[in-house]
Amino acid sequence: MTTVHLVLPLNPQELPTTSAAIFVGNLNAQIVATEEILAVQPRSVVDRKRLAGLYKMRADCRDDIDGYQKAIDLLSDGAAGSPHEDPEALLLRAQLELSVHRLARSQTDLDRARSLGADAGAVSAIQIELDWNAGRYDQAVPAIRKAAAERPSTHTLARLAELEHRLGDDGRARDRYARAESCVRDTLPLTVAWLNLQRGIHAAETGDLEQAVVFLEEAVRRLPHYFAARECLARVTHQLGREDESVSLYEALAEESANPEHWSHLVAVYRPGHPRRDSILLRARDAWDRLLARYPEAMYWHAAEFYLEYLGAPPYAAELLQKNSVLRPNADSWWALAEAQAAGGQQSAAEYSRRTAEEAHARLMKAACS
Amino acid sequence: MTDHWDGPAARSDPAADITDFFAFPVLEDDQTRLVLVMNVNPNASESSRFSDAVQCRFRMRRVTALDGPGPAAKVHTGPDEFSITCRAGTPDRYGIQTVTFTAVNTWASGEPSAEMISSTEFNDTGGGSNPQLRVFAGLRADTSFTDLARVRMPVWRDSGFANMPGVNSIARHNVLSLVAVLPVEYVLDGLKAGSLFAACSETSRSQSRNGQSTITRIDRMGRIEVTVWIITDDHLRDEWNAEDTFAVSAAHIPDYEAALQSGLARLDNFEKSLTNENVIDWPTPHPMIPILLDDFLVVDLSRPTVPSTTVRGYLEIEKAAYLNVPHQTCGGRVPNEDVIATTLTWFINGPLRSQPDRGVGVTPDKPVGNEFPYLQEPTVATPTLQTEHWLGV
């Protein structure tokens, strides 16, 4: 008989964080207060930056792309203030544009922020993601390692862990995640919940579903308002065959969230013939089409997954993923495109995409070895 | 802003972000008492509460020697420590939160000292459960005042903004305030061995791993603007904030010295000549670096003041040591004094010119009064949203 040793994340006694209710109340209070201040002082760039940062944090919790856009709009309203020459505002907008995959705009803002003397660590963190998305692994990989070595923090070490996982060294990845946990310096529950979500995703991707549940349950315990963690926990419990739990998690998410990804996953866990199945699918399709029209860059991939898995439309999924590959020509994008093309019977196109993905992956491995 | 939003760790959880710190003696009921004020949570409003995971702590040590003049200026402190630790509980279903203040002297000799404890409910102005340790914890108007546009502008040698009305960028902002008032006799046996004390504030979290309890400091504040204007690198701001004020890590001191030199030189360069050249008043290395490395207020508890005074005592004791003259005030910091003007005048003009005053032409939005808890009611324009509205919890 073998004993399975699960890694336990630090509990609230070992790593205390502000309780979720206080965190949510304080975030909400700061948003309301800053909105009121801006109504009186609409030209205040400082308050504009603060409010945009608060909107971003709320959007991070709620998986809410409209929240990111609201923050971008706040930083782009030249008539009401002038964030355009403020390095912090530009940096924040670069991060927000990255969140919605408007990569060229993000790069423009980042270059300007850099030239105005923005914090080097923050600039580097965004540049890494831009390079990664573009498949510039020769830039991204050394920058990820350098950031973790020179500025070890929860985020730089978690990013290094993700890299190690991509390179196939999961033992190292686990070690890096543990170090990332030991670097948590603040009391924000979102930080710890986010890290446990990353560890849960990593464990699930390596097939260790029981371990994934341990991390994901801790993430949800720290911040029950964190939609991404709840969604991931619902997915993993479904994979483990804990159907009632999974359905209950998805139903609650579908109720609270405007993100159609949660609705479509609910369909996947409903048994065939479930009375709500068709109506949820229709609702999800309308929502995906709306989001595709408003945020095409951010939605190509997500919507393609929906059309491929739930509506059986591989050609349309491939069309969306083709656009995604142009925008983000990295190994992951090409793999996803190859899969959709193969599902639609486009064998030669799929073969080309697969080869391109393999070449990109080879570039990643080469960058890791050099 | 004096210490608002400084460093990634402090910025991430507003409940741990110190915005201001004040320390001054007052005369009440024929007794000299020490007033300590710490503000956290910038841009707070009605539904803001103190964190149940963050400890807010006031710390004081006796000043044992004050060296000077000039580059030799340095404040030395003793090993005994007085502290007040504030811990907040979880709010009940009506949002009522209890905050407990625990004051204690910790003697280096190991001699035991009785704790003085006082608890209060959020926003209750009654002074708490212990008349000897009067306390307040709740939502108040932000005491900071400055014109954020002007403080970034260059100034010319013979003129400034002090007499031109500016715009208070912090008007209408609120914070969560902690106020403690107690007899000076309780602080390290009071004035028996001298009247000068070093005072600072900090937020931290306390964790227990493998049977060992440790403290992680998140933010700390003694003087204003150190991790806002002067140290500008985010990583270094976090390092600075994590330090023990009374035992700064020797390994980090070269980094801090370099950052302070860079920030202070930038301030010195703010002043331009008529031909738009930088007017340099301070030598390199900047002689105030040893003073600033010890990030605390120096306060004279034998010179009581009134809470509403606008007399500038901030940095006065340290400046007197630098100039080798006797100090005139209680030092420390009181809420209504223009500490931005004091800081800019000293660091832009240099040690030999008190004029022109480098104030930015603003006064407090809501000046503090002389009645406990001194700080003014918050500015609340409209009822805030409820948590339920936010996420359906």
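**Entry 1: strand E2 of chain B**

I started at Leu34(B), which stands opposite Leu182(B) in E9(B). The model is predicted, so I noted its limits: local features need pLDDT of at least 70, side-chain atom pairs count only at pLDDT 80 or more, and totals for chains, interfaces and linings use all residues. Residues are numbered from 1 along each chain as its sequence is written, while chains are lettered from A and ligands numbered from 1 in the order in which they are written.

E2(B) and strand E9 (residues 174–183) of chain B pair in the antiparallel sense over 8 bridges. I looked up the terms. Strands (E, at least two residues) and helices (H or I, at least four) are DSSP runs, numbered from the N terminus. Two strands pair if DSSP finds at least two bridges between them.

E1(B) pairs with strand E2 (residues 31–40) of chain B over 10 bridges, in the antiparallel sense. I found Val26(B) bridged to Arg33(B), and Phe22(B) bridged to Val37(B). The hairpin of E1(B) and E2(B) has 2 residues between the strands. Asp29(B) in the turn has a positive phi of about 55 degrees.

Is E2(B) mostly covered or mostly open? It is mostly covered, with 8 of its 10 residues buried. Buried means 20 or more other C-beta atoms within 10 Å of the residue's own; exposed means 12 or fewer, and partly exposed lies in between, with C-beta atoms placed from the backbone.

**Entry 2: the sheet**

I traced an open sheet of 4 strands in chain B, in the order E1-E2-E9-E7, with antiparallel pairing. Which strands stand at the edges? Strand E1 (18–28) and strand E7 (134–141) of chain B do. Each has a single partner strand, so one side of each is left without a neighbour in the sheet.

**Entry 3: helix H4 of chain A**

At 1.5 Å a residue, its 13 residues should span 18 Å, and its end C-alpha atoms are 18 Å apart, which agrees. The expected span is 1.5 Å times one less than the number of residues.

I then checked burial. In H4(A), 12 of the 13 residues are buried, so the helix is largely enclosed by the rest of the structure. The buried residues include Glu88(A), Arg93(A) and Glu97(A). The buried residues of H4(A) pack against helix H2 (45–62), helix H3 (65–76), helix H5 (103–115) and helix H6 (120–133) of chain A. After H4(A) comes His101(A), whose phi is positive, near 65 degrees.

**Entry 4: Leu364 of chain A**

I found Leu364(A) in helix H19 (residues 347–369) of chain A. Leu364(A) is buried, with 21 other C-beta atoms within 10 Å. Leu364(A) touches Tyr137(A), Arg166(A) and Ala331(A), not counting residues up to four places away in sequence. Contact means C-beta atoms, placed from the backbone, within 7 Å. The C-alpha atoms of Leu364(A) and Val141(A) are separated by 7.8 Å, though the two are 223 residues apart along the chain.

**Entry 5: where the chains meet**

How many residues of chain B are in contact with chain A? I noted 44, in contact with 36 residues of chain A. Among the elements giving two or more residues to this side of chain B are strand E10 (196–209) and helix H3 (234–242) of chain B.

Key:
Two residues are in contact if their C-beta atoms, placed from the backbone, lie within 7 Å.
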